[in-house]
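Work through the exercises below with the sequence and the 3D structure at hand. Each task is followed by a solution in steps.

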Amino acid sequence: MVDSRKLDGKLRGKQDADFIFHEFTRSICPQCKRVIDAQVIIRDKKVYMRKRCPDHGWFEGIISSDAKMYVDSIGFNKPGTIPLDFTTEVDKGCPLDCGLCPEHKQHICLALIEVNTGCNLDCPICFADAGAGFSLTLEQVEGMLDRYVETEGNPEVVQFSGGEPTIHPGLPAMIQAAMDRGIGQVMVNTNGIRLARDDKFLETMAKLNPVIYFQFDGLRRETYRTIRGEDLLETKLLALDRMERVGLDAVLVAAIEHDINLDEVGAILEFGLENPAVRGVVLQPVTHVGRHIPFDAMRRVTIPDVIHGIVEQTNGRFLLEDFVPVPCCFPTCQVNSYVYVDEGQVTPLPRLLKIEDYLDYITNVALPKVPDAAQIREALEGLWSASAVPGSDKTTDQFQCACGPGLDLPFGIDHLNKHIFQIAIKDFLDAYTFNVKQVMKCCVAVLVPDGRSIPFCAYNSVGYREQVREELTRQQKEGKF
Amino acid sequence: MTSNSDLHTKACCAELYQSDLARMLLGDSLHPGGLRLTNRLGRLMGLSRGHWLADLASGRGASAGAIARSFHCRVIGIEYGREAVVDARRLSLDAPVPADSWFIQGDAEMPPLKPGSFDAVFAECAFSVFPDKELAIAQAAALLKPGGRLGMSDVTVEPGFLPEELNTSLGQMLCVTGALGMEGYADLLSHAGLVNIYREEASLHVSELLTKIKAALTTFSVLAGMVGSQEQTPVFGELSPETDWLGLVGRLERLVSAGQLGYWLYVGERPA
Ligand code: SF4
Ligand code: SF4
Ligand code: SF4
């Protein structure tokens, strides 16, 4: 018989755990990247992931600082769409079979092509760990685009990235190649240095007119010194002025970190709303992959921190309810909002329409009983998706349909393009937050010359990036391309 | 249909054609599926580097440029409209990424080009508007080298199924008044002596287009209702609420799902 008294003589009593067990999933070990089981728990109204590697022990990290938002988002989960073709087979199990393998639950809304690894900056924070490596040829990129067309049929968005794609001499031809294949939206992900300094390049971009996905971390010099290693504020502002002058649309993309610029999210948003070249803002908590500064996994920035930051820093212009999870990917990955801006007046779309009536697929069985409900849902799905590109005619069209019944809008498409503003908050996964259920329904993928499309967060966290880079760098050194 | 409503339709149509709406719906390439289908057609024709191509009714040259660049080919575009040819040349000179494409003014039904010298000839939404289709296909086939391929993408309307309101300039703009049925084009190719005729349905692109039109129309009508029916809007122009545009789109959608209205790609080969 077991002695029910401890050595000190006190009675042993049962106690409640200090957490709620929310789910069981799979993740990876932050040290050796092997796939391990993981628990998602809720403690003190925050959500954490807890896991154990047989070799490296226990790990815990925060995944959401607002458990209610996290749990409420689950209903915004739209059935996926199956791509026309898969590239790999199911073998070792997710996430080691990317991709896409037949177990993947969503097609690709947004494809990334990393055209090089080199960069004209050397940022202390760089998920791509830019530096020496490879530089793709136009033929390779054409092959990747052709494969993307094969697997998607009607691919929606391609984003050229790197490294720094603007220093690749073949970039204009690559952008054109995507457009020639009928891919609706082409984006260029850039730090903007070349746009700020090179007139000829600016002119070429203006003719091709891709949407510029523009790295813009804040309005303080110190922010740039910390995140980018140098004070880039003037260069950034100059680049924006020049984009406006030639009519290029920009989306501001900020990497957000505690104690650096979390207190600037409101300012970035307000700046974007006022700047004529800017059509949207993307706020991304720093992902701790590639190069990053030391961090505390228990205190990383998560989506609710950014939303709360915006609400607190914009003098009541925004409410928590203005931000709605994106149903095409896993709904904990991203939230979006859209606003109509006119003469300084800002009207968020969620104030005009109860978005959850249309996009909550699990708790709402029926659509609201208004005429055109199905079309409104369709339009909202287009807006609340990873492929919505601010400033594009398609997005404008959807905005117009979605908010039609509640808002007296001037009708010209061009007019609307200039007045619709997108806010997106994306929390990419890193080794501490990696959750297989999210990558399995990921709709953002990195295209690889061998024909694979690898879900972005798997690419960054599981080791694909390193493998692909090593392989391509070696091939290029050996003169294979 | 009275001449009054005919005029009305024409006005609407001109308005629609020049509007943001048409540009938004059709883009630069002005046919369903846009450059996506152009690219598909290029693949089906088996284009490869260095091939010589002719583009019949090349418009402002969007497809010719895209094909020339995507498949590293050389394309000569024939277009009847002088302005379009001037635009095509200007756009091609001005293009940030040059393409091996040239444009000449001429009758695409009787192209002023050297017979037997092309690896491929293609025509998008062209045969449906050619009045003498037999002559046009014979001329097109004659341009091919032995083994060369003719690619065609066009609107199909099964005989007898064209809604009356589309027997108008709106119908012309949508390439449906002179369109053949699905078999009609295939017969055309084989009558011209082409072999290995392949066809592929792309009607999905028409459905997509109609869905977009419907979404736009719904919004517009809801908005027009809100701002009062007197209100004329810049995009909507003559498209007045009395015209049952939604009804028309609905009828077209039913025709597409019944297979009576569609969009098809065809490829045929000149015997070696
Ligand atoms: S992430 Fe998707 S493609 Fe990759 S292994 Fe998992 S299911 Fe397959
Ligand atoms: S974060 Fe961007 S700009 Fe900075 S080094 Fe990396 S690729 Fe270059
Ligand atoms: S990229 Fe990452 S955060 Fe975005 S949808 Fe995919 S898994 Fe989610």
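Two strands pair if DSSP finds at least two bridges between them. The model used here is predicted.

**Exercise 1.** Find the order of the strands in the open sheet of four strands and state which strands stand at the edges.

Solution. 
- Step 1. In chain A the order reads β1-β2-β3-β4, and the pairing is antiparallel.
- Step 2. β1 (20-28) and β4 (57-64) of chain A each have a single partner strand, so they stand at the edges and one side of each has no neighbour in the sheet.
- Step 3. From one strand to the next, the twist averages 25°.

**Exercise 2.** Describe how β1(A) pairs with strand β2 of chain A, and find the residue in β2(A) that A:Ile20 stands opposite.

Solution. 
- Step 1. Strand β2 covers residues 35-43 and pairs with β1(A) over eight bridges, in the antiparallel sense.
- Step 2. Opposite A:Ile20, β2(A) has A:Ile42.

**Exercise 3.** Characterise the surroundings of ligand 2.

Solution. 
- Step 1. The space that ligand 2 takes is the largest cavity.
- Step 2. Among the residues surrounding ligand 2 are A:Cys119, A:Cys123, A:Cys126, A:Arg228 and A:Arg291.
- Step 3. Sorted by class, the shell around ligand 2 has six nonpolar, three polar and two charged residues.

Technical notes:
Residues are numbered from 1 along each chain as its sequence is written. Chains are lettered from A and ligands numbered from 1 in the order in which they are written. This is a predicted model: local features need pLDDT of at least 70, side-chain atom pairs count only at pLDDT 80 or more; totals for chains, interfaces and linings use all residues. Side-chain values use heavy atoms; hydrogens and water are left out. A residue is near a molecule or strand if one of its heavy atoms lies within 4 Å of it. On a 1 Å grid over the protein atoms alone, a cavity is a set of points where a 1.4 Å probe fits but cannot get out, and a pocket is an open set with protein on both sides within 12 Å along at least five of seven lines; lining residues have an atom within 4 Å of a point. A molecule sits in a cavity or pocket if more than half of its atoms lie within 2 Å of its grid points. Ala, Val, Leu, Ile, Met, Phe, Trp, Tyr, Cys and Pro count as nonpolar, Asp, Glu, Lys and Arg as charged, and the others, Gly among them, as polar. Helices (H or I, at least four residues) and strands (E, at least two) are DSSP runs, numbered from the N terminus. Axes are lines fitted to C-alpha atoms, for helices over the stretch in contact, and angles run from 0 to 180 degrees between N-to-C directions.
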